[in-house]
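Colleague: Could you take me through this model, with the cut-offs behind each term?

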Amino acid sequence: MKKPPEKREVNIPKRKASAQLVEKGIAAMNAENLEKAERYFHEAINVDTTNGIAYFYLAKVLFENDRPDEALGFLDKAQSLVEEDDDYWHEQIELLQNKITGKTISDESGADEHYY
Amino acid sequence: MRRRYQQQPKRKRKWVKRFLLLILCGGVGLFLYSKYLAYQIEEKFDRARKWNLPSRVFSDAEYLYPGIDINTRKLLEKLDRLGYRNTGSRIEGPGDYAKARQHLDIYLHDFDYPGDRFRGFPLRIELDRTVIVKLLHREEKKELELARLEPEVVASIFDERMEDRTVVTLEEVPPSLLEAIILIEDERFFKHHGIDPVGIARALVANIKAVGIVQGGSTLTQQLIKNFFLHPRKSFLRKINEQLMALELERHHSKSEILQAYINEIYLGQRGASSVSGVAEAAKYYFGKNVKQLTVAESAYLAGMIQSPGRYSPFTNLEKGISRRNQILMKMLKAELLSEKEYHMAINEVVVSPKQKMKRATAPFFIDFVKQELAANFSEELLESEGLRIFTTLDMHAQVVAEEVIDTELKKLETAYASLLPKNHPDPLETCLISIQPSNGYIRTMVGGRDYERSQFNRCAQAHRQPGSTFKPFVYLTAFDQERSQVPVTPSTLIEDRSFTVEAGGEPWSPRNYDEEEHGTITVRTALENSYNIATAKLAIQTGLENVVQTAREAGIHGNLLAVPSLALGAFEVTPLELASAYTLFPNSGIRAEPISLLHVVTKEGEVLERRRVKMQRRFDPRPVYVTTHVLRGVMDRGTGVGARALGLSGVVAGKTGTTSDYRDAWFVGFTPDLLALTWVGFDDNAEMKKMSGARAALPMWTAFMKKVIRPGSQDFTRPNDVVLIKVDHDTGGLATSRCPDYLYEAFIEGTEPTESCNDIDISHELPPKESQNESY
């Protein structure tokens, strides 16, 4: 299993604010409150429309909420926003994409604990 | 004589009988009438829902975080609109705010979001001049990354009575308020059975002494009956009914039930066309507080207002209101409801009310649009009675700006270009300004006309207009997409801007440029930046008109699109909303987000009845989308949109002007990575506006709007990994060398970049012989 990267230091206040909402969303998702989690991820996107990780988690929560078609659009957006050299996130996105489209899943690492 | 004496008891008996019969009939009649009144009372009073509660439409919440300029976002105005009270230097409870030179303290209100109860806390916003540098939770003494300000009420959906009311239980109301109300309105409330003979006698004496009406004898129960069940006209019958009904009400209901109904029913003033009903709504309106947070002094003030809300309103007659409050406080002291200390504190308390005369956005066109969205699942009656809470995507600050901008910019336009507009036109110049957040399709603002009172026709959602040149980016997007175009095209590809004729619908068709000139051999970028019709029509034909139609449809344009050459110049009809929504794919990397205005519908108890989903779907390859967007940036820096820069707009923006034949429509659609806005100007009846192009009529309005709403934090459009930026010559599109100093960085999908240098490309601005194309459409 590939080791997740250390959290990236983010210095843009808008991104930090958005990241805090992502954290709240992850907490809600872990507490199985998917509706609440979805709202937090939407809010994270509202605050910073270029936070690719917020789109990723939104896709994840939509998928977990049995809405795979909706999830794909957000996952696409996540893919276009995550930095090119960020292998970890590209891999996570690909895994989720495969999951959604029904392809074989080879690896599942803990994206919930490590995200910046 | 004897006979007379004998007849008298008989007659007497007859009268007695008649009298008894009359009494009996009267008694039965009164009994039946009382029963009828009781039935009426029970009908209304015992219903689970005693009042029609207006549904409220909310804007989206506002997020605060470091970097935001509170002046740009007009935060203090927002606090005023939200009913926060400027308390000067200290904040003591929810709804207070205090501004100092280097910080702003806000005690946030509690707010029930759909599925999430937010508890207010004291927030400190540290400022560097007007820019937020730090957020602190003052109670927990910790730094925050962001804070959320609750949504604003944009509109209330009333029934014909137009009563604004927040229903509360007795337990939610401070005892001081109940005591003050009872003391001043019906001191013997707990001693009578609906009507109070002692009170009536006392009022009578007081009125005789004063030679006028200074005191009423109505009990709280009677007042409730009068307000709740009877018409306001004074008449003898109404008074009788009022007393009978008061007795009936007290027979069937407890004092607590009656008092609770009273405090929710009572009229406490006007807010515009709607009335402020009940103490909880009044507490919010006059003191910016939840009723349970009222101080003793505020409770006394509110109790004093019941007699005449207009006369004692803190907004209009503060002095009189304070004098009345003090009388009540004195009475409370004498009745031993207050200690000496409490009395002195209350009497010295300064009355702080929220600011009243601030600019409010009413967003009537947006509200109509949302109501239409609701119509499928919620009847008008339901909306007017159930107190639903409707959460929307509206950005209230941006909406206020949009409404201001429309007003000022249209007036400017009409003054500056009066000679270009038709004389004595019966209707004014009309407009639409709509903005959408591309990342999720949230409709952030919508102004569908200049004056809703005059015309409720929503030009953003209902007007079908020709898009003109604003359609061109879809032609170029098709051309840059190798999967869609018949021929490979890049922004550096050379194209002839030279008149040609084709057959379309059996008629010869020949496009012309707006400047009536031909520009020879130019790059595709130059053609779009300058909105050249001839080159664009030619490009559309080369690309494949069917392909362009396909692109437009996938972008979300549903109009009657025909694969004819004039399609390229926007010769069909769209609604502005449709066009704005189609454009969102550019800042959103080819992903289409369906426009959305309604988010949640929640009952007053907090149950979510409806939840709308954001729908996103990839429709286009992000690479040609980025290439097109990159050229559209050039429109702003060198092309027809350059006026925006001259008007002071900076930062990363892209956009496109549009003008239709004979200047019937002026458009501008432009966007940053975060926000897209569209402005349209024209006449409803399609009247001509001589020389009023998109750049002249719609662009200044768009620029004025964007300058005020773009958020800080410079970021660029997302460039896909396999799109490269290459330094090319502006004129030839060839690789730039030292011999062609007029260069720019051009975006190319990897593998499509030019190979020739500018030196090797020879373009002649002399026009080659005129072409005639053989195809017919």
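Colleague: Which residues make the nonpolar surface patch of about 510 Å²?

Modeller: This is a predicted model, in which local features need pLDDT of at least 70 and side-chain atom pairs count only at pLDDT 80 or more, while totals for chains, interfaces and linings use all residues. Residues are numbered from 1 along each chain as its sequence is written, chains are lettered from A and ligands numbered from 1 in the order in which they are written, and side-chain values use heavy atoms, with hydrogens and water left out. A patch is built from residues with over 30% relative accessible area and no salt bridge, nonpolar side chains (Val, Leu, Ile, Met, Phe, Trp, Tyr) being joined within 5 Å and like charges within 9 Å. The residues of this one are B:Leu21, B:Leu24, B:Val28, B:Phe31 and B:Leu32.

Colleague: How many salt bridges does the rule find across the interface of chain B and chain A?

Modeller: In contact terms (heavy atoms within 4.5 Å), 33 residues of chain B meet 29 residues of chain A. A salt bridge requires a side-chain nitrogen of Lys or Arg within 4 Å of a carboxyl oxygen of Asp or Glu, and one example is A:Glu43 with B:Arg148, whose closest N and O atoms are 3.3 Å apart. Across this interface the rule finds seven.

Colleague: Is A:Lys14, which meets B:Asp674 in a salt bridge, buried or exposed?

Modeller: The two side chains come to 3.3 Å, N to O. Because A:Lys14 lies in helix H1 (residues 13-30) of chain A and B:Asp674 in the loop between strand E28 (665-671) and strand E29 (676-682) of chain B, the pair joins two chains; helices (H or I, at least four residues) and strands (E, at least two) are DSSP runs, numbered from the N terminus. Buried means under 20% relative accessible area, exposed over 50% and partly exposed in between, with a 1.4 Å probe and protein chains only. With a relative accessible area of 5%, A:Lys14 is therefore buried.

Colleague: Which side chain is joined to that of A:Thr49 by a polar contact of 2.2 Å?

Modeller: A:Thr49 lies in the loop between helix H2 (34-47) and helix H3 (52-64) of chain A, and is buried, with a relative accessible area of 4%. A polar contact is a pair of N or O atoms within 3.5 Å, where within protein one must be able to donate a hydrogen and the other to accept it, and residues adjacent in sequence count only if both atoms are side-chain atoms. The partner at 2.2 Å is B:Asp674.

Technical notes. Areas by Shrake-Rupley, 256 points an atom, 1.4 Å probe, with all protein chains shown as cover.
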